[in-house]
Structure formats: structure tokens, C-alpha cells
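Please work through each task before reading its solution.

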Amino acid sequence: MSRDGDQQDNRWIGRAVPRVEDDRLLRGNGRYVDDIALPSGVEAAFLRSPHAHARIESIDVKAASEAPGVVAVWTGEDVAGLPPMLNKEELRTPPGLAALLDPTVRMTPMPLLAGGTVLYVGQPVALVLAENRYLAEDALELINVRYAPLPVLVDPEEALTAQAPLLHDDLPDNTAVAVHARVGDPDAAFASAHTVVSERFEAHRYVASPIETRAVSARVDPYSDRLTVWSGTQTPHRLREAIAHTLGLPADTVHVIAADVGGGFGQKGILYVEELLVPYAALLLGRPVLWREDRNENLTASSHAREQIHLIELAADVDGHLVGVRDRITVNFGAYNMTGLVVPYNSLCHLLGPYRVPHVDIDVIGVLTNTTFATPYRGAGRPETVFAMERAMDRLASELGIAPEELRARNLIGPDEMPYATGLVDRSGSPQSYDSGDFPELLRRAVAKADVERVRARQREGGRDGRHLGIGFAMYIEATGLGPFETARVDIAPTGRVRLAIGAPSQGQGHRTSMAQIAADAIGVPIDVIDVTGGDTEATPFGVGTIASRALVNAGNATHRAGRLIREKIIDAAARRLDVPAGSLDLSDGVVASEEPAGPSIDLAELAGRAALPGTPEPTDGQHGTELSETVHFRPPGFAVASGAHAAVVEVDEHTGEVEILHYVVVHDAGVIVNPMIAEGQVTGGIAQGIGGALYEEMVYGADGQPRTGTYMDYLVPTSSEIPDLDLDEIHTPSPMNDLGVKGLGEGGAIAPQAVLANAVEDALRPFGAVVRRGPLSPSRVRDLIRPSVTPG
């Protein structure tokens with residue numbers, strides 16, 4: 001057998017390789033922003049608005065400026081010469097989408113420090129720079145701000161009424177975005193349908209709450225005058241461009257490094273004013289500057305997510321086949337439009353899920369309110385829309401008297417229909433198409449694992465001591481691998497080690513392992529000779545970032561292609577060195593060798609370190625370069641559609657309202673799996689966050705716009721004790737949209753938990769006639785569902 005065959009049999013892709021980054025992190029050797037010591041640095045602290053909506057009448061900073069250790073105090077006047085912040089890339093509407101649907105996307109630039117009006121509790125009003133954070137915090141208390149309160153809007157539906165006050169005076173109303181999509185003739189479909197169900201479902205607001213809060217530090221190099229910024233960002237290249245634009249610097253004089261990041265989940269995937277002001281302070285002061293967020297700031301002033309209202313209708317024929325779907329989706333954007341169509345349109349184009357629906361009418365509107373701005377959070381619009389659709393499917397099943405799993409099975413798109421065109425337009429502006437998948441198999445496995453007949457048999461026995469059993473199902477699709485591109489650069493060092501740099505940073509996804517596995521197979525070297533760097537704008541001048549389940553698809557395929565190209569270069573260089581035809585050589589385990597048993601060979605270290613004297617290049621013939629380096633920008637031709645089916649068996653205590661998860665089943669399809677161990681961890685982590693949203697987490701605002709859940713005393717985050725053991729299974733339908741056949745996986749686990757647990761709880765509460773229309777399903781909310789009914793005798 002040839003060496004190529006051996007390599008295929010022993011490929012790294014598909015192996016459960018332990019994460020190479022874990023040893024360093026678990027030993028406390030991580031290098032987060034707060035760990036980066038910058039001598040002679042100052043620290044920043046922000047004064048934040050205590051009002052949800054108010055006019056700033058005056059700010060007195062004299063006492064704060066004279067406080068011990070204070071270096072500078074800035075207000076909106078001091079930074080008025082800088083442009084306001086816009087998340088330009090996120091707000092951009094793809095030309096195809098604009099041409100076909102003509103959506104409304106209104107810009108709401110955010111001042112770096114509020115000068116005239118504050119629009120939410122937590123908005124930055126002043127910045128103190130001091131010798132340490134303690135002195136900066138003390139000085140904040142000395143700043144005297146006079147506010148004139150203005151009317152407050154918290155409810156997005158109220159914000160749409162004609163009498164609602166405007167948040168932004170330059171806009172005609174409080175609409176931030178609006179888009180409408182229509183397929184077929186939904187009016188006729190609903191008029192002739194056998195059964196129509198209409199429901200109102202609400203996805204409640206909660207937050208990413210990563211273990212590491214946001215942080216940024218900056219320093220100007222005294223020799224080169226270049227600005228270096230360390231940030232826990234998910235999009236370092238976009239941050240570089242924003243800093244350069246804001247400060248009026250050439251982009252190539254700004255170096256952004258995404259340090260180790262303790263979780264991002266989308267919250268760190270956008271721009272924030274703090275990330276622009278800290279570099280500005282470093283530039284003006286000529287000293288390093290550090291800011292890190294405290295937990296209260298993270299809960300109240302970092303982006304929120306999920307809050308949506310769905311007025312959804314399903315129409316079906318007598319056999320339960322869907323003939324039409326209508327939905328009016330209202331999304332609470334908070335005080336500023338930070339990411340445009342990203343979340344609303346994700347909700348729109350994922351609403352139909354794996355189901356065949358010929359007639360569709362979906363209207364989405366994003367609304368501005370006096371709450372913290374909302375942006376993508378793991379799943380980014382999909383958990384909300386899946387909650388509405390999958391809840392509606394259960395309501396339709398109940399109306400028709402069909403088992404929920406059977407209703408789903410009757411409506412699933414089959415694998416023989418792939419690629420499947422939905423009639424909608426995807427987020428890139430192209431006709432939406434599901435490239436691959438076997439949705440019926442996902443459901444079959446979930447039903448089998450959940451042991452539906454056993455659960456139904458137990459239900460027929462009735463509740464035991466007031467504890468009621470319920471089972472629920474939920475399915476989803478996820479368009480992964482968002483473009484426009486991602487970069488990978490491969491260099492062979494003189495030592496023979498392989499240096500791989502990718503544009504996408506890691507926030508716990510295990511890039512240093514999975515990307516090394518891809519590179520090892522593509523090149524033909526052992527994984528332990530590969531060093532991976534991600535999210536450094538010097539290592540890869542072009543990149544996008546780690547958002548939208550895109551890193552493996554884009555950075556992975558860029559790595560694969562760069563690896564194959566460098567492999568060719570290595571073999572070509574070895575052929576010239578060994579004076580044999582390149583076609584007679586193969587590269588495996590870091591050694592280039594002749595396919596002849598007694599033929600010549602050379603290892604990569606000897607080949608890469610071939611110069612006669614250090615620093616002396618090898619002569620060339622003018623046709624072949626000697627630098628063993630390749631850079632690839634991978635541009636996906638379309639989305640790779642991942643999918644999954646979840647099933648949950650719960651027990652609900654009618655006396656306490658407690659929900660206990662007895663069995664949680666996940667069957668997912670992410671195409672080719674590079675590292676099963678990492679994949680399982682990603683799915684598990686997503687489900688844990690989904691369960692948090694389903695049962696525990698909620699960011700609550702009062703009518704006055706004051707956040708009521710600003711600490712972990714009130715905002716409940718689940719621990720490992722609340723997350724059950726998961727019953728995992730997977731199928732593999734490789735994506736034809738990329739060389740590796742991979743699909744994104746990082747967000748999938750978070751998409752279905754709210755829907756599946758709501759369905760299971762409603763099933764358990766069937767004796768009470770309860771309908772679950774929103775979460776989280778806390779004990780008090782479950783008791784509220786039970787209370788109106790008569791307890792079964």
C-alpha cells in the first residue's frame with residue numbers, strides 16, 4: 001500500500017485527540033488580558049448612567065480630577081471630536097438581500113461617552129484613568145451629574161405605538177430594522193386549511209455571562225509608535241479597523257491580539273465603546289491602559305440577547321401536513337441598533353427548520369427601547385425562533401390529536417430532497433438551500449433513545465405524589481460557515497516545526513487542537529510539531545473572527561488548502577534537494593521519502609534548515625522559491641447546514657413547581673467531525689447554556705428601566721449540578737459546500753433546549769390544561785401555570 005493510503009488510514013481528522021491547550025490552562029498558565037503586565041500602566045473605570053432615559057444637564061468632574069492617583073477624567077465633551085461607534089460590518093446588508101427584500105436598517109451611532117442623553121441604565125457617561133482601579137472607582141463617586149429624567153420605554157410593543165416617545169430624535173419612530181418575506185400564497189393556504197393554530201410565544205431576555213468578563217488593554221510602542229491592543233474580542237480584525245477609523249490611524253499601525261478568552265458566546269463578538277476609548281487613552285497619555293469589567297457591568301452594560309415576541313400561525317391539512325406558516329416577530333433591540341439584521345434575519349430564515357412548508361409569510365421588526373442593547377448570543381436568533389416553531393408544532397399536534405413526534409415525522413424534508421430550496425433568501429442574500437442532512441433519521445434516533453412508549457405508559461398511570469411526567473421533542477437546522485472569508489497561513493520554521501496562523505481566535509473551542517489535526521493531515525506531519533496562533537492581526541493581516549459557527553468551516557478549510565499547498569512546496573523542494581522527480585516522493589510523518597523501498601529521504605527539519613550558514617539563503621534557479629510558506633483565504637460558496645433533534649423527559653412537582661430533567665437526548669449532524677471529544681464538549685456546553693435559559697436565567701427590567709437582576713444573587717446561572725448527564729448520538733452527512741465536509745457545531749447545542757423543555761413541561765402539565773408560552777420555567781412560573789386549574793383528584 002502506498003504512503004498516501006497509510007496516511008488515509010491513520011489520518012488525524014476523526015480522532016478524539018485531547019486538547020493540547022488544556023494542560024497550560026488547567027495549570028494556571030493562561031494569558032488573559034488581565035494577566036498581561038504592562039509596566040507604568042494606568043487603569044480605567046467608567047461612570048455609568050443610573051437612569052434608563054434622561055437628559056444630562058451638567059457634569060462636574062473637578063473633585064474627581066483632583067482625587068489621589070487620578071491621571072485624567074473625561075466626559076462626552078472631551079471625546080466629542082471622535083466619531084461615534086458603529087458596528088459597520090454587522091450593520092451591512094448584503095446586496096442580494098437588499099435587492100430582493102428591501103429591508104429597513106436604521107443606523108444609531110453610539111457616542112463613546114454620552115453627552116446629551118442617556119438611553120439605558122449602564123451607558124458610559126464619564127471615564128476615570130488612575131494609577132489603579134481602586135483609586136479610579138473612588139474618583140467616580142466624586143463626579144456630580146445632574147440628570148433630567150425622560151419617559152422610559154421597556155416594552156417593545158409599547159415602543160411601536162404612535163404615542164411612544166422617540167429614543168433617537170433623528171428617526172421617525174422606534175423601529176431599528178424591518179424585513180418581510182413571503183413564499184407562495186399563504187393567504188389562500190390558510191383560507192383552505194383544515195386546521196389553523198394561532199399562538200403568542202415570548203422568548204425572554206437573558207445574557208451570555210461568560211466566566212471572564214470583557215477586558216481590554218493598550219500600549220503605544222515608544223520606538224515604533226505602533227499601537228498594540230489586547231482584547232478578549234472574538235473579532236480582532238474588525239476591532240483593528242474600528243480603532244484605526246476612530247483614532248484616525250492607518251490600520252497597519254494598529255496591532256490587535258485576542259489573548260486567551262474565558263468564553264465569548266457572541267457577547268464579545270461586537271464592538272464596544274470601551275474597546276475604542278482604552279486605546280485612545282493609551283495614545284494620548286503615552287502610558288499603557290487597562291480596563292476590565294466587573295460582574296455587575298457585565299450583567300447590565302454588556303450586550304443582552306434573546307428577547308422576542310412571536311405571533312405565529314400554523315395551517316395544516318387533515319393529515320397534519322403543514323400547508324402554511326405565518327409569523328410576526330418583534331425583537332427588542334434595546335437602546336441601539338448594534339447588529340442590524342443579524343439576529344432578526346437569523347430568526348426569519350431558520351423559522352421553518354427541517355419542515356416542508358410551501359406557503360410562508362414572515363414579518364420581522366426590531367424595536368428600540370430603554371434597555372441595554374441586544375446582540376447575538378450563542379445561537380443568535382435561532383433558539384428564539386425554534387422555541388416559537390416547536391411550541392407551535394406541539395400546539396398543532398394537540399389540536400389534531402396526533403402525537404408530537406408523529407406530526408414532526410410527517411413534515412420532515414427527506415434526504416433524497418437535498419439540496420432543498422425553501423423559497424426564502426438566506427442571510428447572504430442568495431436563495432436559501434439546505435445543502436445536506438437526514439432529518440428523519442435524526443428524529444427516529446431521538447424517539448428511540450427517549451423510549452417514548454415507556455414514558456407514555458408511565459403517564460397513563462397518573463402522577464405519583466403530585467409529580468407528573470412529560471416528554472418533549474424539538475428539532476432545528478443551523479446555517480453555519482458564514483462568510484465572507486477566513487485566512488490561514490502556514491510556515492515551516494528552520495527547526496522543521498509548522499507554524500499555523502488563522503484569523504479566527506479561540507474562546508474555548510479548542511482551535512489549537514482541531515486546526516492542528518486538519519493541518520497534520522493536509523501536510524503529512526505529526527500533530528505535535530504544529531503550533532497554532534489565532535486572532536493576531538500581525539500573524540494574519542486579514543480575517544473575520546470566531547462568530548456564527550464559522551471557524552471550523554472557514555478557518556478549517558483555509559488551513560486544509562494552505563496545508564495541501566505547502567505539502568506540494570515541501571515535496572518540490574525535497575525533489576530538488578534529493579535530485580529525484582517530485583512524483584516519486586511522498587510526505588508522511590514529517591519525512592519526505594521515495595516510494596522506492598531503498599530510495600532517498602529527508603526529514604522536514606533538515607529540509608527547512610538547509611542553508612549552508614545561518615542566515616544564508618539557498619540559491620534558486622529563478623523558478624522555484626525557497627520560502628516554505630503559504631497563505632489561503634477561504635471563501636465559502638454557501639452555508640453548510642447542521643441540524644439536530646432533542647428529546648427530554650421531565651418530572652414536574654405540582655406542589656413546588658420544580659422541574660427535574662430525567663433524561664435528555666441529543667442527536668446532531670455536523671457533517672465530518674474533526675475531533676469527537678471537542679465536538680461532544682461543544683454540544684454539552686451549548687445545552688448547558690440552553691438549559692440555563694429554559695429553567696433559570698432571566699434579565700428582568702422594571703417599568704422604570706431599572707435592571708432587577710444585576711448580580712448573581714438574582715440572576716441564576718446553572719452549575720454542573722443542574723445539568724443532567726446527556727444521552728448523545730450523531731449522524732454524519734458531509735457538507736458538499738467545502739473540501740472537508742464539515743459543518744459548524746459550536747452553537748447547535750444551545751438552539752433547542754428551551755423549546756424541548758417547554759414542550760416536555762407542557763406535556764407533564766396536560767392534566768392541568770396549562771400552555772407554556774414563555775420561560776424561564778422557574779418554580780414560581782410553573783406554579784402560576786398550574787394555579788388557575790383544579791388539581792386532579
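**Exercise 1.** Determine which residues of α13 meet which residues of α14.

*Solution.* Contact here means heavy atoms within 4.5 Å. On the α13 side, the residues are E390, M393, D394, L396, A397 and L400, and they meet P404, L407, R408 and N411 in α14. Sorted by type, the residues of this contact comprise 6 nonpolar, 1 polar and 3 charged. In this sorting, Ala, Val, Leu, Ile, Met, Phe, Trp, Tyr, Cys and Pro count as nonpolar, Asp, Glu, Lys and Arg as charged, and the others, Gly among them, as polar.

The model is predicted: local features need pLDDT of at least 70, side-chain atom pairs count only at pLDDT 80 or more, and totals for chains, interfaces and linings use all residues. Residues are numbered from 1 along each chain as its sequence is written, and side-chain values use heavy atoms, with hydrogens and water left out.

**Exercise 2.** Describe how the axes of α13 and α14 are placed relative to each other.

*Solution.* Two packed helices are described by the angle between their axes and the distance between the axes. Helix α13 covers residues 382–400 and helix α14 residues 404–411; their axes come within 9 Å and cross at roughly 110°. Therefore α13 is roughly perpendicular to α14, a term for angles of 65 to 115 degrees. The axes are lines fitted to C-alpha atoms over the stretch in contact, and angles run from 0 to 180 degrees between N-to-C directions.

**Exercise 3.** Does the radius of gyration of the protein agree or disagree with that of a compact globule?

*Solution.* The rule is 2.2 Å times the number of residues to the power 0.38, with the radius taken over C-alpha atoms. For 793 residues a compact globule would have a value near 28 Å; the protein has 28 Å, so the two agree. Along the principal axes, the C-alpha atoms fill a box of roughly 90 × 75 × 50 Å. Of the 793 residues, 60% count as buried, that is, under 20% relative accessible area, with exposed over 50% and partly exposed in between (1.4 Å probe, protein chains only).

**Exercise 4.** Is Q689 buried or exposed, and which residues does Q689 contact beyond its neighbours within four places in sequence?

*Solution.* Q689 is found in helix α20 (residues 676–696). Its relative accessible area is 13%, so Q689 is buried. Leaving aside neighbours within four places in sequence, Q689 is in contact with Y206, A208, F265, Y377, R378 and E697.

Terms used. Helix = DSSP H or I, 4+ residues; strand = E, 2+ residues; numbered from the N terminus. Parallel < 35°, antiparallel > 145°, perpendicular 65-115°, else oblique.
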